[in-house]
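Please look over the sequence and the 3D structure below.

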Amino acid sequence: MAKTALITGVTGQDGSYLSEFLLEKGYQVHGTIRRSSVDFRERIAHLEDNPAFHLHYADLSDSLSIMQVIAKVRPDEIYNLAAQSHVQVSFDCPEYTAQVDATGVLRILEAVRQCGLADKCRIYQASTSELYGKVEQVPQNEETPFHPYSPYAVAKLYGFWIVREYREAYNMFCCSGILFNHESERRGETFVTRKITLAAARIAQGKQDKLYLGNLSSMRDWGYARDYVECMWLILQNEKPEDFVIATGEQHSVRDFATLAFRYAGIELRWEGEGADEKGIDVKTGKVLVEVSPDFYRPTDVVNLWGDPSKARRELGWNPQKTSFEQLVRLMVDSDMEKVAIERADEHIKRNLVEYLEKGIVK
Ligand code: NAP
Ligand code: F7E
C-alpha cells in the first residue's frame, strides 16, 4: 500500500523538493496551501497535474483548519515545514512568528492526538541551526547547548521542545531535524545567497548597478536543499524517533559566497575597507559593485554557524557532502543567469512588438 504524507509549507523551497522526492517514492502527497491574492504556487506548478499530488487550504495559526486536514487525510507521515522562516522579518512580526513557528507546531501535534493517530502517524518538525544562536561551541552537534538569538529562533525553540515533550509524554514518533542553512535555485529572493546570485546575474547582464548587503563576515554552513529533503525522510524511516543535525560540516562567510557567485557570473571582485565601509570592487573596471548597508544589520545576529553531521552520517547513512559548496553556488548562479537572460529576451520581444504595433507593421 502506498504511504500517505502530509506536507505543511508545500509551496516553499523545501516543500517543493520534498514533494518531488516522495512522489518518486510512490507516496500519495498532500500539501497545505494558504489563500493569497496573487499566485505563489510557482515552485509546485509542475506537480499539480500529478494524480498523487493533492492540495488543501490550511493555516498553522488556525487550529480548526489543521484539525480538519489531518482528520481528512489521516497521513502516515507529516512533514511540518510551514513557518514564517525569515529571521530578519521575525524582528518586525514577532507575535505572528510565535503563532506559526511555536504554537503552530503544538497545533499539529495535538490535532494528530485528537484524531486518534498518535500511534500511527510519524511527524517531522523543521527545526533549525538558529537554535544555537549566540553560539557556545563550534562545530555544533546534537549535544551543543541552545542560545536562541532572534524571535524566530525563540519560537522554533518552543517547537523543538514541544516535539520532544509529546515524544516522551505520549510516546509519539515525532522528531526534529536541526537543519543548517540550505539553499537552491528555488530559495526565496530575500535570503542572502539568492539575493547575491540574482544580483550577480543582473549586474553581469547590465540589469543592476550595485548590490547592498549587511554583515559580510557572518559565517554559515550552507548545503543544497535537494540533498536535505532526503534526510528529512530518513529521519522518519529510522527505527527510533530521534533528533538529528543536518549540515555539510563546512563553513563559509557571506563575503566568500559573494566572491564565488560573482566569479561564476564572470566578474572578479576584490574587497577593500572594513565594517560598514567595506566594498566589493570589480577588478577589471574598478567599479564598486557591492556595498554594505546597515539596513540589513539585525538587532542580534547569529554569526558563527557550523554543523557536525556525524550522527546523521553514522545512523542514517546520509551523505552530507553530496553537493559541494562550489557546486551549490555554481548551480544557483547558472539558474539566475538563465532567468535574467530570459527576462531580457522577453523585454526585447515586448519592445519590438510595441514598436511594430505603433508603426502598424502588426495589428
Ligand atoms: P520557505 O521557502 O519560506 O517556505 C515556508 C512555507 O511555509 C511556505 O510554503 C509558506 O507558505 C508556509 N507558511 C508560512 N506561514 C504559514 C502559515 N501561517 N500557515 C501555513 N503555511 C505557512 O521556507 P523553507 O526554506 O522551505 O524552509 C522550510 C522549513 O524549514 C521552515 O519551517 C523553516 O523555518 C525551516 N528551516 C529552513 C532552513 C533553510 O535554510 N531553508 C533551515 C532550517 C530550518 P506561502 O508560500 O503561502 O508563504
Ligand atoms: O542570512 C547575513 C545575515 O537571511 C544569513 C532561514 O532559512 O537559515 C535561514 O536564516 C546571514 C545572516 O539566513 C544580508 O545577517 C548579510 O547572518 O540568508 P539569511 P538566516 O538568517 O541564516 C536558518 C537556518 C533558518 O532556519 C531560517 O529559516 O547573512 N546577511 N547581508 C544578510 N542576510 C540577508 N537576508 N540579507 C542581506 O542583505
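A residue is called buried when its relative accessible area is under 20%, exposed when that area is over 50%, and partly exposed in between, using a 1.4 Å probe and protein chains only. C121 is buried, because its relative accessible area is 1%. This is a predicted model, in which local features need pLDDT of at least 70 and side-chain atom pairs count only at pLDDT 80 or more, while totals for chains, interfaces and linings use all residues. Residues are numbered from 1 along each chain as its sequence is written, chains are lettered from A and ligands numbered from 1 in the order in which they are written, and side-chain values use heavy atoms, with hydrogens and water left out.

**Cysteines**
- A disulfide is a pair of cysteine sulfur atoms within 2.5 Å, and by this rule the structure has zero disulfides.
- C115 is in no disulfide, and the nearest cysteine sulfur, in C121, is 9.4 Å away.
- That distance is too far for a bond between C121 and C115.
- C115 counts as buried, because its relative accessibility is 14%.

**Ligand 1**
- A residue is near a molecule if one of its heavy atoms lies within 4 Å of it; of the 24 residues around ligand 1, T11, R34, D59, S85 and Y152 come nearest.
- A polar contact is a pair of N or O atoms within 3.5 Å, and an N or O atom in the side chain of R34 is 2.8 Å from an oxygen atom of ligand 1.
- A backbone N or O atom of L60 lies 2.9 Å from a nitrogen atom of ligand 1.
- Taken alone, ligand 1 exposes 900 Å², of which the protein buries 88%; such areas come from the Shrake-Rupley method with a 1.4 Å probe.

**Ligand 2**
- Ligand 2 is surrounded by 23 residues, and the closest are S85, T128, Y152, S218 and R298.
- The side chain of R298 has an N or O atom 2.6 Å from an oxygen atom of ligand 2.
- A polar side-chain atom of T128 lies 2.7 Å from an oxygen atom of ligand 2.
- For the side chain of D301, an N or O atom is 2.9 Å from an oxygen atom of ligand 2.
- Taken alone, ligand 2 exposes 690 Å², and the protein buries 96% of that.

Notes: Polar contact = N/O pair within 3.5 Å; in protein donor to acceptor, adjacent residues only side chain to side chain.
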